[in-house]
Structures are given as structure tokens and as C-alpha cells.
Amino acid sequence: MNQQGHMASYGQPQPGYQGYHQQQLAYDNQHMTGVPPPQYGPYNGPVQGYQQTAVPQGPLRPVPGSAPTSVPPSTTAQQPVYNQYGQGDVHNGPAVPEQMQRVPQSQQYMPGNTLHSGSQPMPYQQYAPSLSHAQQLPNQMAHMQITGVSSNSASPVSQGYGPPASRPPAATSLPPVGPAAYSAAPQNIPSSTPQDNSLPQHPFPGQPSPVSTFSSPPTSIGLTGVIHPPSVGMQRPPTMHGQPLPGQPPSGPYPPQPNHRSLGPQPGMPGAIPGAPTQGFQMHPAPNQGFVPQQNGSFAQMRAPQPNYAAPSTGAPNYSSQPPPQQKRLDPDSIPSPIQVIEDDKSNRGSEPFSTAVRGQVPPLVTTDFVVKDQGNASPRFVRCATYNIPCTSDMAKQCQVPLTTVIKPLATLPADEAHPFIVDHGETGPIRCNRCKAYMCPYMQFIEGGRRFQCAFCSCVTEVLPHYFQHLDHTGKRMDYYDRPELSLGSYEFLATVDYCKNNKFPNPPAFIFMIDVSYNALKSGLVHLLCEELKTLLDFLPREGNAEESAIRVGFVTYNKVLHFYNVKSSLAQPQMMVVSDVADMFVPLLDGFLVNVNESRAVINSLLEQIPEMFGDTRETETVFGPVIQAGLEALKAAECAGKLFIFHSTLPLAEAPGKLKNRDDKKLINTDKEKTLFQPQTSFYNNLAKECVAQGCCVDLFLFPNQYVDVATLGLVTYQTGGSIYKYTYFQAQADGERFLNDLHRDVRKVIGFDAVMRVRTSTGIRATDFFGSFYMSNTTDVELAALDCDKTITVEFKHDDKLNEDSGAQIQCALLYTSCSGQRRLRIHNLSLNCCTQLADLYRNCETDTLINFFVKLAYRAVLNNSTKTVRESLINQSAQILACYRKNCASPSSAGQLILPECMKLLPVYLNCVLKSDILQPGGDVSTDDRAYIRHLIASMDVSETNVFFYPRVLPVHKMDVDGDDFPVAVRCSEERLSKGGIYLLENGLNLFIWVGMSTQHDLIQSIFNVQSFGQIDSGMATLPQLDNPYSKKLRSMVDVIRAQRPRFMKLLIVKQEDKMEVLFKHFLMEDKSSNGGASYVDFLCHMHKEIRQLLS
Ligand SMILES: [Zn+2]
């Protein structure tokens, strides 16, 4: 067992890693700060078993002549990836139906490059961009024309400006919801209150009632049973209660921990049940009852006949019935609790550093705070897998249906106490690579023949070691410089790339940022333009910079637009900025080169002057129409002209209705929901943006989109270029600077400042036997292996699926190497390498013992959210349920101890699969309620595509923290409660967050003292639910809660606006939308109901 090896390696003398620190002779002249400390305290030093476990054991692999005949996964040429740009048509992102034709631009638009430009110094007395074509001066940069902008503008009346007064705050990603939409929602005990819609009509005569089905006492319903030997505890502690059980020695290396002292008598935390450690979750119906097979999709057999069921709502799954309140139901305390699993993992694994020395070791959960020591495999912050034991054969993989998948976050930000990847510079020869498969030097390469050659861990090919890289081997066969070279001893590191890795064999120029601001009526009226321009003055001081560089190498440019575009010359030598207007948007070009992209410090005075003037210039605009396609084209052309990669920050407010390439129409139609045509809502309405995206990727032009819509703007289409260029979308519906400015500015700051690589290509190589077959995320692919990213920032992940193409070997395991070639913010070309080695197994039990459900869910979500482009949501839901049922059924059949057929037995590592899967199934993408807008669905879909595991985890199962139980003296958060209304006490205050939304819910009976301490009012009734921030009060409760809010916000990539929700207030319906264990208003099943449904599905597969 790998765990044994892991255990054994601790506490032994570790001479090797001592040396690591002492001999830090500089990794090829790169910075040496942040070298791992010499001692790994708790382990008594570095791990001796490191080399033995991290490097595949066993006989040397055959040399090339006798190499296995299977084709290595990637034998095609690796380097100079640039000839691949613009070739091929293989898309991995949101596919567009091929039949869509490019809009014939030349027929719709006036030909000719017409523009109006100006060199008149500002300030502008009046300003006249909205010129008719008759006024345009072809092909020259005439001085700016200044005439009334509003002379031929459309009247704004019909556009619906500004939010209606009754709109709720816009910061949530959900649209305003009226209470009516939820009027049928249960108030207190949702899962026991009958609902009058979305339920099966037929009463299921003859079904066993819940009483008879679940009449067993809690101990037999719930958490009993022993399935695995105690050694499993290393991976997932074999207890659901976190406490040592009477008479049981603690399993694994962790001492018994009184970890639940802080839990208190929470409803979600059943007390420890004396007995054996729990490995399988068992649900025992009464003997001889079981679950009667049902029609697919309905599993109301758990309940007594419900004569008053209304017809199910169209297309919604109808397996979520409700029992009459008086009937007994499955006790929610007896089914696997996410909180319990999270807390157990924190207790058992949060205190020790996680060493990556051991192959195939499952890391702590994403919800656990832990420190990572890179000792030969990539940190789980960079790479996480759904399973760390890969079945040896494809037959096994098919049998268990567990997807082989990793979620890779190549540029992840590491905590301050973990070493940033070192940069290795091999000089002119560039990185050391395998001759055949081009894999990069890594800890898995095996040096042979006294160090003169090395054998590739990926393709077995033997490569000569170049003289400058030669080093003698020690008596164990390890190079003497093993600990001095990150590429030999660490899982993650970077190589400096040579000119061979650059486009056109030329080192890149530093990237540029172009700010492109919608100055139409809506954008001005909401206060956006004013707020943004004011902020940019200071924000430009925070552009990303390299290491200790004094200033950023990134140049900046500015464009404003409505139905025409205005470029600005902000050259440092000018006294005032100059504007050039391009009103012929049909054939976009950039009217100036010199002075458009500038160094911030050099041009600061001119830039500040421009930012002062923009809000004034357009303050009286009546122009309501905007273009969008030409805006991206303009930015793209500017980067092309400057021969650099870069990012466009587009601040946009409306559907682009003006006559121009990429013009859109309002095609929103919510009636399509739950029909076969629903998928069209996720597809772009024109192929124009698809083609544009391709061009952008080829140039390294990433597009970040900040949307400020007051109505439908077609996010599915507008966001397409962003999606395929690795950009981010932010959406502020009904934006008002006053109310939403904080959120917008925080997002903008983070977005501008974050670590980012440009013009990137990612390749995943694998050892023989598996290969990467599918990729999910925000990027573009023109062939089947290279993930092309105009840019990739520290928040973006790429989820990769692997398939077998040969048998795997238990001894050698499976190796994965992810190589990301990118341009840094200073223009340096680099390769970031992440290596991960996994175990291979011949027993399915080993696979189920080394799984991670959070990662599995991340994969399922991305799979499903991509599938909705081409399938009905119903089909997607069913296939998710089916695959999950197969996974669990295979476990039951092959790994679980024999037991009554009526028992539901879940693998320990997957016992949360049903609850999390249900959250995905009832999400707004797969099962929308009437209150979710088409744009919000497209938006969420976009966000999810590049989320990491911790983000999807909290997004689908929000964190609910009991504020009234917080320890005001400590740093810890209170233990979360399960995400269900039943868990909320009337006398409590709870904080709920999911990474996008942040609520504070106040119970009606909350003590007046607490209310006073937090809200500065005397009673519940006086709390103003419209407050956007908590009052700053000088008492421990106020301080602690505000600090919790700050910490939570800092943990998430997007700023969450705070909403105060009072119990039984009208806003509560919005809050309840996030209580994922409950039945949802759109027909989504409660956790209890869904678990029963899964049980039925599993039983059907087993029978
Ligand atoms: Zn190779």
C-alpha cells in the first residue's frame, strides 16, 4: 500500500534533504529565496524514501530498440508551437454549429477606411463622433471634428435605462426575484412540506410508505458498517465522527483528536455512534421491502401515495416528491454530511504539512487549510486528480466508470509560506528534453550509464546527456546534483525558454493592456464611466510587474466607443491627449501607432488628463447604440501593429445593435427552456465572434469583459471571444455606481493586478498507457493536443480527461507532465512544468479508496455544462445520474462486503457524491427556474468552465457559518452547518457564501444583544436589510464578523457583495435558492429524496 510507504518514510533520518538546503548553489543563477526549509519539523527532516517512491522502481525500461511498441502519447514535434496557430478547426470550447456562416461584412457596411481624427488639443468644447458617412474623411487623419454628438442619436426612451426602483441590489449574480416566483416555497421545513407543482401526478399505488421503508432505528439506517481495513484511514479517516471509537485503536498516524469540541450539539453532527469505524454508508430499508423499481425519473416510492400531486413542470425531473408532513422520512442526520467530511479532514490532515514525495497520495480536501511541501510531485494547488490510483486496464476503467481526470491550475497563487516555483536557466541550449516525446527533464527521468544518458519516464526513449548537463551518479543511481536542481527533485518549476520557443523566432515584446470604455448613454448614466476613469488613475500604478522590477513593463492604451470608436494619443510629449474617431466600423483599423500604447509613468500627465476629460466629454451623450465586434477588432489590430500580446479590458453595457460587424439581435426566449431548442440559448447567434476569437488567440490577445447590462445582452455571444481567449467575464446587472461600485472596483483591481501569462500553449504528456483525450476550460484548440490560450491567469484551470490506450503497470505507475509555455508580464518567455505521478491498480477497491469527490464533481460539472451546447438539459442530467450510479454500483458489486440488497453502501471517499451531484443537477444551468435569466445562465456557464476544485466545491454546496457561534477571541471560523433550512435556528445569524454570493441571514428570535452588537439597532425589526456594509462597531462581535467577511472575500477570486436577509423577508426566497440540501423551487430534489433516487438507480444496475 502506498500509504505504508508514506508512513514509513516519516521520522527516519533524511540526509538527502538536509543537503538540499545547504547546497543551494543557486539554480542556475535564479533567485534563491524561498528555498524549502531544511527541516520538515514534524517529519524529522526530509523524506528518505523520496527517491525510491517518486521515481518509478523496477528494472530499467528497454532502450529504444526494444521499447514497447505502443506509440508514445505525443511523438509529434513539440517545440515551436507557433506554426499551429490559425490551423485546423478543432474546437474544444463551446462549439459553434458548423452550419453557421460568417456574416458577410462587406455587403452590410460602407466600404473604405474612413475616420475622423483630431489633433486639436483638448478639452473639447463639444464633441462629434456620431458623424454620418457623408461627413467622413476617407483614409486620413483629419483633425477632430467637433459637432453635436446627439444630433442624430436615437432617443433613449425605448431602452429602459436604469433599474426600476424596486429592483433588489444588482450585485448578486442572479436576477432580481420577486417573491411571487417563490410563493410556493416551503417556509420552514421544505422537505416535508407538500409542493403543489413539479411533482408526479400519479400516486404510485402500492408503494411502500416511508414509514415502512425507513422504519429502522437511526443506528441501522445510518452510520454503521465496516468495509475497509483501518489502513485506509490514511487517505480518508475511517470515521464519520472524528472521534476515536470505544475500544478502537486510532487508525493511521493521527492521534485521536478531540476535534469536535467546537462542534457542539449541532444538528448536522450526530454524536459518535459506538461501533466500528464507518467506511460505507448504509441505508437499510426494512428487510424485504427495498425499493420497487420505478419508471425512470420517478422515485416517489419512498413516499405514501400523494393523491393531490399536480402535474410535473415541463421537463423538470420528477423524482423529488414530498411526503405529507405527518409521515416519517429518512433522517437527514443519518445520511452522509458534507460538513462532517470537511471537518474530519480538517482535524485529521490540517495540522501536518502535505509532502508530495509519495506517488499517488490523495491530498487533503480543498476545504482543509494545509501546507504543501513539494518533494517531487506537483502541489495539489496546481494539479488535483479525481483518482490517484488509475486502473491498469481500460476494461477496469470502463467497468467502474470513474473518469480519469485532473484539474490543472498552472499559474496558481501559492500561500506565502510555500515556495514559488524556481526558474531554471539552461542557457542557449534551452530546457533538457527527451529526444523523442519532448518531455521536459523531471524527477521521473532515470539516469543510466553513469549519468551519460537518461531514460524517459513517458516514452522510454533514451537520450544522451549533453556535456554541460552531465553529472555523476551516487551509489543509489541518483545524480549528485539531485537536490540542487529543481527539475530533478521538485514537482513544479520553470524553464527559461530560448528563442526557439518564440513566435517567428523573436523574443516577444512586453504585453499591453488596452482599456476600452463604452461611453453610450447607459454607461454614463449609471455612473460607470465616471467611476472607472477616476479609478484608473490610481489602478495603473498596480500593473503586474516582474519580481522586484521597479515598474511594470506593460504598456497601456485607451479607447472609448459607442457606435463609433475613439482612439487616444497619450504620448508623453503631448500637452493634452488627442482623440481620433473611427466611424467606419465595418473595416476596423487603428488610426495611430505612435502614442497609442504608452508607458504609464512616462505619459502619466497626459493619461490623467484624458481620464479627467472622458466623463465630461460624454456626459451629455444621448447615444444609446453600441458596437462590440469592432471594439475587439480594434484592440486586436492595435496589438498586431505593436507586435505584442496583451489584454483588452472592455467595459460594455448594451446589446450591440448598431450597424457593424458582430451586430446582434435580441433573440432571448425563455420559452425554449426545457425544450430541444434550449441549447441554442447557450450557442452564439453568429459565427462572427468565433472567427474573431481565433484571430485573437493567434495574436495572444485576451479579452476581459465587464458587463453592465440593464437587459438582455446575449452573454453567450458577447462572451465567446472572452471564453476562447482565456479571459474573464464580470457581470453587474442594473449597475449603479453608488451601490455596486465597491464590487466592481474590487474585481477590476484584482483582475488588472493578477499574475498572468500571455500567448500561452499548454501540452499534457503522459506515460505510455494513458493519454489526454479531452480538455475543458476557457481556451482554444486548433489541434487535439495543444491548449492555446491568448492568456492564462492565476485563477484559471484546465480540466483534462485521460483515457487508456494500453495496459498500465503497477510498478511504474502513471506519470503526467503539464508544460505551459507563456510570456510573462515582462515579456520573458518561459515554460512552467508540473509533474504528477499516480499509482496504478489491479484492484478496483484501491481506486475507490484513493478518489476525490470534489475533483470528480468539478469534472462532471464541466462535462455537463459543455454538453448543454448540444443536448437537452434533461439528457445531460440523466447521463450524469447514470454515470454516477454506475460508479457507485460498481463499488457495491466489487468492493463492498456482502450485505442485504436493500442497503445503500457508498465508498468512503465518495459518500458525498450523491449530495454534490444533486447540487449540480439542480443548478441554474441544468434545471433553471423561471427567475434565472438567459444571460445569467450563460454567465455562470462561462465562470464554471475555468473554476478550480475549491471554487466548484463551494459554489455548488455553499458554506453556511453560524455567526452566533463564532469564537470572538480566536481566528477560527465557527464550524459550518449543513446547507438546509432545517439547520438554521430562529435565534441565530448565519453567513452563507458560494464564491459569488454572500448573505447574512438573521433569524427572527436573535437575541437583542447580538443584533445590537452587529447591526447597531435594538431589534430585529429595525435591521435595515438594504445596508450594503456592516456598521463598524467597536465590539468583539462586530469586529469578528467583519473580519470573517473580509477573510472570505479574500479567499475568492471575485468580490462578493453582502446582502442582509431577514427571516421571512421577501429577499429570503433568493437566499433559500442556495440551501442546496432542500427541495428547490424549480423542482430540484432535496438531498434525501435524491439519495433515495440514486439508491434505486444503483439497485437497478445491480439487479
Ligand atoms: Zn520521451
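In this predicted model, aromatic ring pairs number 32. One of them joins Tyr732 and Phe735. Their ring centres lie 6.2 Å apart and their planes meet at 75°, so the pair is edge-to-face. Tyr732 and Phe735 are each buried. Both residues also belong to a cluster linked by ring pairs, together with Phe651, Phe706, Phe708, Tyr730 and Phe744.

A second pair is formed by Tyr865 and Phe956. Here the centres are 6.3 Å apart and the planes stand at 65°, so this pair too is edge-to-face. The pair connects distant parts of the chain. Tyr865 sits in helix α19 (residues 853-867) and Phe956 in helix α23 (residues 949-956), 91 residues apart. Tyr865 and Phe956 are both buried.

Helix packing was examined for α20 (residues 873-894) and α21 (residues 913-921). Their axes come within 11 Å and cross at roughly 175°. Angles over 145° count as roughly antiparallel, so α20 is roughly antiparallel to α21. On α20, the contact uses Arg877, Leu880, Ile881, Ser884, Ile887 and Leu888. On α21, Leu913, Pro914, Leu917, Val920 and Leu921 take part. By class, nine of the contact residues are nonpolar, one is polar and one is charged.

Strand β23 (residues 798-804) is mostly covered, with six of its seven residues buried. β23 pairs with strand β7 (residues 404-408) through five bridges, and the two run antiparallel. Within β23, Thr799 is the bridge partner of Val407. β23 also pairs with strand β21 (residues 770-776), again in the antiparallel sense, over six bridges. Val800 of β23 stands opposite Phe775.

Methods
Residues are numbered from 1 along each chain as its sequence is written. This is a predicted model: local features need pLDDT of at least 70, side-chain atom pairs count only at pLDDT 80 or more; totals for chains, interfaces and linings use all residues. Side-chain values use heavy atoms; hydrogens and water are left out. Axes are lines fitted to C-alpha atoms, for helices over the stretch in contact, and angles run from 0 to 180 degrees between N-to-C directions. Helices (H or I, at least four residues) and strands (E, at least two) are DSSP runs, numbered from the N terminus. Angles under 35 degrees count as roughly parallel, over 145 as roughly antiparallel, 65 to 115 as roughly perpendicular and the rest as oblique. Contact means heavy atoms within 4.5 Å. Ala, Val, Leu, Ile, Met, Phe, Trp, Tyr, Cys and Pro count as nonpolar, Asp, Glu, Lys and Arg as charged, and the others, Gly among them, as polar. Buried means under 20% relative accessible area, exposed over 50%, partly exposed in between (1.4 Å probe, protein chains only). Two strands pair if DSSP finds at least two bridges between them. Rings of Phe, Tyr and Trp (its six-membered ring) pair if their centres lie within 6.5 Å; planes under 30 degrees apart count as stacked, over 60 as edge-to-face and the rest as tilted.
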